[in-house]
Amino acid sequence: MNPMEELQAIRTRTEKATPGPWKYRPEKWDDWGWVRAGEYIIARVTDCKDFTNEEFDLHRLNHTDPYINNAQFVAHARTDIPVLLDEIERQRQRLQKAGQLIYRAIPARGDLDEMEKWYRDRDEFLQESKP
């Protein structure tokens, strides 16, 4: 699969997933690692680490979740992935526009009207780059 097909496959999976936002332990009664979309449970996330009973007891005592990092990653993926895909698309379009500007630059050298248009397009392109 080429990169464009991979990105399209990621976007398709994203669009088919349960709508977001997903939240990590949104209900006070949720147990460790729960990720929900509204009232629906999306996932129960754990960790690859084998916790000892003493470690679990310490988490219970401190009211902490040993799976928090993985659960928050999963919960945020529902909104993070579309943002990343949109940014990739925006950057691809900018690269294409930059390539077109470069391609037009050399033939335009002898034509003042073309050079003026090229400079306007270049300035517009650079303006779009500013944060």
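Start by selecting Lys23: Arg36 in strand 2 stands opposite it. Before going on, note that this is a predicted model, where local features need pLDDT of at least 70, side-chain atom pairs count only at pLDDT 80 or more, and totals for chains, interfaces and linings use all residues. Residues are numbered from 1 along each chain as its sequence is written, and side-chain values use heavy atoms, with hydrogens and water left out.

**The sheet**

Now colour the strands. Helices (H or I, at least four residues) and strands (E, at least two) are DSSP runs, numbered from the N terminus. Strand 1 pairs with strand 2 (residues 34-37) in the antiparallel sense, over two bridges; pairing requires that DSSP finds at least two bridges between the strands. Zoom out and you have three strands in an open, antiparallel sheet, ordered 1-2-3. Strand 1 (23-24) and strand 3 are at the edges with a single partner strand each, so one side of each has no neighbour in the sheet.

**Rings**

Next, show the aromatic side chains. How many aromatic pairs does the structure hold? There are five. Go to Phe51 and Tyr67: they make an edge-to-face pair, 6.0 Å centre to centre with 70° between the planes. (Rings of Phe, Tyr and Trp, the last by its six-membered ring, pair if their centres lie within 6.5 Å; planes under 30 degrees apart are stacked, over 60 edge-to-face, the rest tilted.) This pair links distant parts of the chain, 16 residues apart: Phe51 is in the loop between strand 3 (40-44) and helix 2 (53-62), Tyr67 in the loop between helix 2 and helix 3 (68-108).

Buried or exposed, what is Phe51? Phe51 counts as buried at 17% relative accessibility, and Tyr67 counts as buried at 9%.

**His59**

Stay here and pick His59, in helix 2. His59 is buried, at 19% relative accessible area. Leaving aside neighbours within four places in sequence, His59 is in contact (heavy atoms within 4.5 Å) with Trp32, Phe51, Thr64, Asp65 and Pro66.

**Charges over rings**

Last stop: select Arg94 and Phe125. The charged end of Arg94 sits over the Phe125 ring, 4.1 Å from its centre. For Arg44, the charged end sits over the ring of Trp34, 6.0 Å from its centre. (The criterion: NZ of Lys or CZ of Arg within 6 Å of the ring centre and within 35 degrees of the ring normal.)

Terms used. Buried < 20%, exposed > 50% of the residue type's maximum accessible area, 1.4 Å probe, protein only.
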